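Here are my notes on this one, point by point. Have the model open while you read.

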Amino acid sequence: MAASGTALAGLVAFGLFGVGCSSGGTGTRDEGPAGSQPVAQITPQPSPSGTTPPVRRVDAVRLLKSDPKVGERVREGLKPCAGKAYPIDTSYGSMTGGRTADVVVNVMSCADSVSVGTYVYRADDDGSYENVFAAEVPAVYGTIDRGDLVVTTQVYGSKDPLASPSGSEVVTYRWASDRFTEHDRVHNDFSRAVEGTDGDLPVQSEPVETEPETADEPAQPGRN
């Protein structure tokens, strides 16, 4: 009986050992008291840097004046408006996939602050800049939107004042095969319904006060 009890206890221990080895499919790693094994510390690796190219500031005035693709009229009119400030807006961003950020330059007139030209410059490997886009029409303005070049041009009718164009053309360009190609075009017609003067509006008449209607007097008792 003692030998049988010893054998039975051995079988039970072997069975418990087998259960411990097979639970959860993790083998002997499930054995032992909690916290007895050291916990591996994982050091987070720094994420790779983004794809945005570095920005290198440019002398936009010098760039325009030395660019043969800029019209002579624009170059001759490129003068400071007040003091040493030139009427130029400059934007930097990634559109052509170059190592350095592309440059969008908008040239405006001093008299009415209307843009007369939009230009895009792409940096070459030797540090120089190449003109890869130019638009010289009245009231044109270029911006960078999520990697695309968006050029907005105001549309004027024969009698439209400068401050009130009839509409606008918004063209989105994308860089492909070493040049900008048109990707999307939106035409907007502006409403004239709210541009009238006070004399064009109907005259509102003054409210006329009316006396309240008199209700019939109640019959007096004893009166025929």
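1. First, the term for the opening item: a disulfide here is a pair of cysteine sulfur atoms within 2.5 Å. One disulfide turns up by that rule, and it joins C81 to C110 with an S to S distance of 1.8 Å. The torsion about the S-S bond of C81 and C110 is about -85°, so this disulfide is left-handed.

2. Some ground rules before going on. This is a predicted model, where local features need pLDDT of at least 70 and side-chain atom pairs count only at pLDDT 80 or more, while totals for chains, interfaces and linings use all residues. Residues are numbered from 1 along each chain as its sequence is written, and side-chain values use heavy atoms, with hydrogens and water left out.

3. Where does the C81 and C110 pair sit in the chain? C81 is in the loop between α3 (72-76) and β1 (88-93), and C110 is in the loop between β2 (102-108) and β3 (115-123), so to speak distant parts of the chain, 29 residues apart. Helices (H or I, at least four residues) and strands (E, at least two) are DSSP runs, numbered from the N terminus. C81 is partly exposed at 41% relative accessibility, and C110 is partly exposed at 39%. For the record, buried means under 20% relative accessible area, exposed over 50%, and partly exposed in between (1.4 Å probe, protein chains only).

4. Overall layout: the protein chain has three helices and eight strands, in the order α-α-α-β-β-β-β-β-β-β-β along the sequence. Buried residues make up 24% of its 224 residues. Contact means heavy atoms within 4.5 Å; among contacts between residues at least 6 apart in sequence, 36% join residues at least 24 apart.

5. Now the nonpolar cores (sets of buried Ala, Val, Leu, Ile, Met, Phe, Trp, Tyr and Cys residues joined through side-chain atoms within 4.5 Å). The largest has 15 residues, and those with the most contacts inside it are L64, I88, V105, V107, Y119 and Y121. α2 (60-65), β2 and β3 each supply at least two residues of this core, with α2 giving the most, four residues. Apart from it lies another core of 13 residues, among them V104, V132, V140 and L149.

6. Leaving aside neighbours within four places in sequence, V105 is in contact with A60, L64, I88, D89, T90, G117, T118, Y119 and Y121.

7. S168 is in strand β7 (residues 167-176) and is buried, at 4% relative accessibility. Beyond neighbours within four places in sequence, the contacts of S168 include T152, Q154, V186, H187 and F190.

8. Which residues have a positive phi although they are not glycines? A139 is one, with a phi of about 60°, and S177 is another, at about 55°. Most residues other than glycine have a negative phi. A139 lies in the loop between β4 (129-135) and β5 (140-145) and is buried, with a relative accessible area of 10%. S177, by contrast, lies in the loop between β7 and β8 (179-189) and is exposed, at 69% relative accessibility.
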